[in-house]
Amino acid sequence: MARFRRRTCIILSLFILLICSLMMALKTLRPDRAVFGDPFGLDLLPELRQHTVHLETKPGMSNGARDDSITNIKNIKSIAVNSLKVPVMAEMNMEELPAPNYNLHAFYYSWYGNPQFDGKYLHWNHPILPHWDPQIAKNYPEGNHIPPDDIGSNFYPELGTYSSRDPYIIETHMKQMRSASIGVIALSWYPRGLADKEGESTDELVPSILDNAHKYNLKVTFHIEPYKNRDDHSMHKIIKYIIDKYGSHPAFYRYKTKTGRVLPMFYVYDSYFTKPETWANLLTASGPLSVRNTPYDGLFIALLVEERHKQEIQRSGFDGIYTYFATNGFSYGSSHHNWAVLKAFCDSNSLLFIPSVGPGYIDINIRPWNNHNTRNRINGKYFETAFSAALQVQPDAISITSFNEWHEGTQIEKAVPKRTELTVYLDYQPHKPDAELRQKRVKGPAQGHTVNV
């Protein structure tokens, strides 16, 4: 009888293990046609809740300007998907680094801080965000993370709880991005004196980021965050500020359009919170605050989340769309199967299409109730699948979410194994810490404005 019970227990344990494995696999391969059947991600789409919860946590150039400040697909030799091995940083030199791909943009965050450089931790101590439903929220912990061992991330950076102000960190990040053939840094940016609610103003870091980017032949574009009271008037002022202050730097990114114009590019996060009529004041030629055909003209790329945003973006006067979210199936824009339709819409309306791809998603160390939104990395397979989906529609560029958004587990920055009494951090094993920086390079066209396999 005892032998029978033991055998029954073993069989039952194996059956439970099999069921758990199947559930994890199904979660990882969540169909990209999934719909919002439950409120798992509404906090990430604040428009659906009718108030903003930022996902921090989310002059023209003269003819004599330097040639290397004009970056477009014409200069691209390759685009990434898996297997370029990154040498040890200390042994790198410029000759050994792969050519930068200026149609490969990575979202970059300079909001991290530590006591050595900032007098305190910033962002690593991110609070645990409560669910908007009090009945659900009461089932989850509250409070802040306590660095350096306890941080607001499910992965742990190889560089530790670094400060974005540390010159060594800035240069190391530039090396890592260049080693992955990334050509453009999409820098998360707030106007001078403003910041997200967990950080501090970082506009003063832009000169150092530009200088270090130029050292590695990288370019910097601005990812304008939804700062307080953002509207057409304030945007007109900050576009003028950015171009006047940083536009002459050789690392300032400009894109050559199909019509031959060379213009700076700006990503505009949460653009859909502002009415199309307000954007049109700034972004259409007839608008009272128009930047069109002035020294402050540019290519303004709007975030598309819902399908209806297509028409709103067109009415607003934007020049293109991006999708940001790394979670396939989370939103209309982030669902891979919609990218062909979005690309066709952009082509028919003379808009740029820049889909966003990511290595995975997990944010349960700051949103413990959001495990439904997790997308496992599958040892790089998720990232490769996203890249393949983007390449198939021949986009104008590809954006990566992200280089170092650690809170949401979308980073490709180097991560290492770490275990504490309370937490076992995820890592890239069995691969090395630079696994997500390794890329498979696909030859791109010599001419044109699309990315082809």
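A residue is called buried when its relative accessible area is under 20%, exposed when that area is over 50%, and partly exposed in between. These terms are applied below to a predicted model.

Asp 297 has a relative accessibility of 2%, so it counts as buried.

A second salt bridge joins Arg 367 to Glu 408, with the closest N and O atoms 3.6 Å apart. Arg 367 lies in the loop between strand 10 (356-357) and helix 10 (381-392), and Glu 408 lies in the loop between strand 11 (398-400) and strand 12 (441-443), so the pair ties together parts that are 41 residues apart in sequence. Both Arg 367 and Glu 408 are buried. Elsewhere, salt bridges that share partners bring Arg 261, Arg 292, Asp 297 and Asp 319 together in one network.

In the structure as a whole there are 18 salt bridges. One of them connects Glu 171 with Lys 215, whose closest N and O atoms are 2.6 Å apart. Because Glu 171 is in helix 4 (residues 167-179) and Lys 215 is in helix 5 (residues 206-215), this pair ties together parts that are 44 residues apart in sequence. Glu 171 is partly exposed, at a relative accessible area of 21%. Lys 215 is partly exposed as well, at 46%.

The packing of helices can be considered next. Two packed helices are described by the angle between their axes and by the distance between those axes. Helix 7 (residues 276-283) packs with helix 8 (residues 309-316) at an angle of about 35°, and their axes are 7 Å apart. From helix 7, the residues making the contact are Pro 276, Glu 277, Trp 279, Ala 280 and Leu 283. Helix 8 contributes Glu 312, Arg 315 and Ser 316.

Key: Residues numbered from 1 in each chain as written. Predicted model: local features only at pLDDT ≥ 70, side-chain atom pairs only at ≥ 80, totals over all residues. Heavy atoms only, no water. Axes fitted to C-alpha atoms, helices over the stretch in contact; angles between N-to-C directions. Helix = DSSP H or I, 4+ residues; strand = E, 2+ residues; numbered from the N terminus. Contact = heavy atoms within 4.5 Å. Salt bridge = Lys/Arg side-chain N within 4 Å of Asp/Glu carboxyl O. Buried < 20%, exposed > 50% of the residue type's maximum accessible area, 1.4 Å probe, protein only.
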